[in-house]
Amino acid sequence: MAEMHIEHLNLWYDDFQALKDINLDIQNHEILSFIGPSGCGKSTFLRCLNRMNDLIDGCRVEGTITLDGENIRQMEASLLRQRVGMVFQKANVFPMSIYDNIAYGPRIRGQKNKTALDEIVERSLREAAIFEEVKDILQKSALSLSGGQQQRICIARALAVQPEILLMDEPTSALDPIATAKIEELVTQLKKAYTIVIVTHNMQQAMRISDRTAYFLLGEMIEVGPTETLFNTPRDQRTRDYITGRFG
């Protein structure tokens, strides 16, 4: 199981309300995309799902988020972030070897056995579809890789601790079309084992890879539904205006 239930979620940065009464179910083994204009609350909401907003001064959250029935506010943050991993907009590989990037999380969680770490590193790199590209240079700095390769290393690093849900905040926005296509293909494959929530400004990307799409505007989730339905026959006029404005 890897399902989340969000009920009456509101978020403030000091006096500014950034999210307004969000209600959403995230389903097991789906790819759910968030679209909407800049500053509409997509990434803010994404960061609520593993409590990354807890790190921001002046941030206040009300409402309920449960992961497989358990309130995430009652979980230890490090355990939650193991179960709900995150890949950021810009690849943020650590200044260490490719191997050590992937082994970092398991080591922090107490895994010291070299054979077990070797297996975790290979499995994670294979899941991120980059093992064949780096298997002979695992001791080389991850910083020496291309941007697209670094992003896949970040995905592999997140997968190394075996999360249930993978959050992705515009993971291809800094990549060229070839690298973007590789990440999109990878995300589609990962759905077999993980639940994936992705923020994207690229509506074509949402159409290509997601099962459902949610449209955000001014801190509200205006509409959510099957991707094809939302793009072709949106229920809300505001969604229709956004989609036709971007494609028209």
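A: A charge sits over a ring if NZ of Lys or CZ of Arg is within 6 Å of the ring centre and within 35 degrees of the ring normal. Here the charged end of Arg 60 is placed over the ring of Trp 12, 4.1 Å from its centre. Arg 157 likewise lies over the face of Phe 94, 3.9 Å from the ring centre. The model is predicted: local features need pLDDT of at least 70, side-chain atom pairs count only at pLDDT 80 or more, and totals for chains, interfaces and linings use all residues. Residues are numbered from 1 along each chain as its sequence is written, and side-chain values use heavy atoms, leaving out hydrogens and water.

Q: Why is the pair of Phe 34 and Phe 45 tilted?

A: A pair of aromatic rings is described by the distance of the centres and the angle of the planes. Rings of Phe, Tyr and Trp (its six-membered ring) pair if their centres lie within 6.5 Å; planes under 30 degrees apart count as stacked, over 60 as edge-to-face and the rest as tilted. The count by this rule is 5 aromatic pairs. For Phe 34 and Phe 45, the centres are 5.4 Å apart and the planes stand at 35°, so the pair is tilted. Phe 34, Phe 45 and Phe 216 form one aromatic cluster.

Q: Are Phe 34 and Phe 45 buried or exposed?

A: Buried means under 20% relative accessible area, exposed over 50%, partly exposed in between (1.4 Å probe, protein chains only). Both Phe 34 and Phe 45 are buried, whereas Leu 218 is exposed at 61%.
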